[in-house]
Amino acid sequence: IGMGVGKLGLGKRPSDIPTKQAAAAVGQCELMYTYDKLFGEYNHTVAQILLTGEDIETEKRRENFRNTMFRLLELHAIPIINENDTVATDEIVIGDNDTLAAIVSANVEADLLVLLSDIEGLYRDINDKSTFIDRISADQADELIASGIIGGGMLPKLNNCTSAIRNGVSRVHILDGRIPHSLLLEIFTNEGVGTAICNDEE
């Protein structure tokens, strides 16, 4: 929506739904133009998939989404997935990007989900002291959520991590999004970066 607001010259974020959805429609074009330009420099093809809550909750539509995703990957195209803000209403919204990522990863049976943040991972806050958490199980993450000792406003992100694990994703990593270029490569050779939330059976 933000990109559309600027392009339409609205001055500020609209409050009414039709104008929000109009701004989203313009913003989606701007966003995909940027993705296409940047990935094109590396000879990669991108594709856009826009989802609503109904697409995930309705079995046939969810199956169509999965089929499209798998076919795009077979064709070596990179799916760019966003919530379809042009038609979503309060009753059928998915929510933030972390929630969308957790839903998508579970529905395509992904082995790994990476969530980027503005800090390097999870911290446990006890007696005004922060301790970094490099690896925990989903059960341990649930205990941390219940205890209320997770700092950095990370509870929503951690909830999405455990949701993805419970729905079949083997491992979720929380990384510092300010330096993803090196950390993403390290994940595949060394789990000692960021915070890893793993299936309890690992």
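Colleague: Let's start with R66: why does it count as buried, partly exposed or exposed?

Modeller: Buried means under 20% relative accessible area, exposed means over 50%, and partly exposed is in between, all with a 1.4 Å probe and protein chains only. R66 comes out at 23% relative accessibility, so it counts as partly exposed. Before we go on: this is a predicted model, where local features need pLDDT of at least 70 and side-chain atom pairs count only at pLDDT 80 or more, while totals for chains, interfaces and linings use all residues. Residues are numbered from 1 along each chain as its sequence is written, and side-chain values use heavy atoms, with hydrogens and water left out.

Colleague: What makes E109 and R66 a salt bridge?

Modeller: The rule wants a side-chain nitrogen of Lys or Arg within 4 Å of a carboxyl oxygen of Asp or Glu. For E109 and R66, the closest N and O atoms are 3.6 Å apart, and they form a salt bridge. The pair links distant parts of the chain, 43 residues apart: E109 is in the loop between α5 (97–107) and β3 (112–117), and R66 is in helix α4 (residues 59–74). Those elements are DSSP runs numbered from the N terminus, with helices being H or I of at least four residues and strands being E of at least two. E109 itself has a relative accessible area of 57%, so it is exposed.

Colleague: How many salt bridges are there by that rule?

Modeller: The count comes to 9. One of them joins R178 to D176, with the closest N and O atoms 2.8 Å apart. R178 counts as exposed because its relative accessibility is 58%, whereas D176 is buried at 9%. R61 also forms a salt bridge with E54, at 3.5 Å between the closest N and O atoms. Salt bridges that share partners join E54, D55 and R61 into one network.

Colleague: How do you know which way α6 faces, and which of its residues are buried?

Modeller: In helix α6 (residues 138–147) the buried ones are A138, A141 and L144. Seen down the axis, they fall within an arc of 110°, so they line one face of the helix. That arc is taken from the directions from the helix axis to the C-beta atoms. The face turned away from the buried side carries the exposed residues E143 and A146. Just after α6, G148 takes a positive phi of about 75°.

Colleague: Why is the Y123 and F132 pair called edge-to-face?

Modeller: Rings of Phe, Tyr and Trp (its six-membered ring) pair if their centres lie within 6.5 Å; planes under 30 degrees apart count as stacked, over 60 as edge-to-face and the rest as tilted. The count by this rule is 2 aromatic pairs. Y123 and F132 sit 5.2 Å centre to centre with 70° between the planes, which is edge-to-face. Y123 has 22% relative accessibility, so it is partly exposed, and F132 is partly exposed at 29%.

Colleague: How many disulfides turn up?

Modeller: A search of the whole structure finds 0, where a disulfide is a pair of cysteine sulfur atoms within 2.5 Å. C161 is buried with a relative accessible area of 0%, and C198 is buried at 3%.
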